Amino acid sequence: RSEKSMIKVVSQNHLGVVNYVVGTEAEVAELPKKGLVAQGSTAFVIATSNVYMYDEEKDSWEAI
């Protein structure tokens, strides 16, 4: 059984930048895209300590 551990860190950012914390690399593919998050939003992966940033031009989460 797979448990999801996605957390959305909410703040008062008027630009739409959102920070996520996910449990595994597989959960990065499930993060919002297509205008639901803004350029510069980030996702931290607990299992690997990898960090991803959303690229609006590519409409994808890119490892940084």
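This is a predicted model: local features need pLDDT of at least 70, side-chain atom pairs count only at pLDDT 80 or more; totals for chains, interfaces and linings use all residues.

Modeller: Of the 64 residues in the protein chain, 30% count as buried. The accessible surface comes to about 4400 Å², and 54% of that belongs to carbon and sulfur atoms. Among contacts in the protein chain with a separation of 6 or more, 20% are between residues 24 or more positions apart.

The largest one has 11 residues: Val-18, Tyr-20, Val-22, Val-28, Leu-31, Val-37, Ala-43, Val-45, Tyr-52, Tyr-54 and Trp-61. Strands S2, S3 and S4 are the elements that give two or more residues to this core. Leaving out residues up to four places away in sequence, Val-37 touches Gly-16, Val-18, Tyr-20, Pro-32, Tyr-54, Glu-56 and Trp-61. Val-18, Tyr-20, Tyr-54 and Trp-61 are also listed as members of the core.

Glu-27 sits in the loop between strand S2 (19-22) and strand S3 (42-45). Glu-27 counts as buried because its relative accessibility is 3%, and the cut-off for buried is under 20%. A polar atom of the Glu-27 side chain lies 2.9 Å from the backbone nitrogen of Gly-23.

Asp-55 is another one to find, in strand S4 (residues 51-55). Asp-55 is buried yet has no salt bridge. The nearest side chain of opposite charge is that of Lys-58, 4.5 Å away, while a salt bridge calls for a side-chain nitrogen within 4 Å of a carboxyl oxygen. Setting aside neighbours within four places in sequence, Asp-55 is in contact with Gln-39, Ser-60 and Glu-62.

Finally, have a look at two loop residues. Ser-49, in the loop between S3 and S4, has a positive phi of about 65 degrees although it is not a glycine. Ser-49 counts as partly exposed because its relative accessibility is 48%. Asp-59, in the loop between S4 and strand S5 (60-63), is a residue other than glycine with a positive phi, near 50 degrees.

Technical notes: Residues are numbered from 1 along each chain as its sequence is written. Side-chain values use heavy atoms; hydrogens and water are left out. Helices (H or I, at least four residues) and strands (E, at least two) are DSSP runs, numbered from the N terminus. Buried means under 20% relative accessible area, exposed over 50%, partly exposed in between (1.4 Å probe, protein chains only). Lys and Arg count as positive and Asp and Glu as negative; His and the chain ends are not counted. Contact means heavy atoms within 4.5 Å. Accessible areas come from the Shrake-Rupley method with a 1.4 Å probe; for residues, only the protein chains shown count as cover. A polar contact is a pair of N or O atoms within 3.5 Å; within protein, one must be able to donate a hydrogen and the other to accept it, and residues adjacent in sequence count only if both atoms are side-chain atoms. A nonpolar core is a set of buried Ala, Val, Leu, Ile, Met, Phe, Trp, Tyr and Cys residues joined through side-chain atoms within 4.5 Å.
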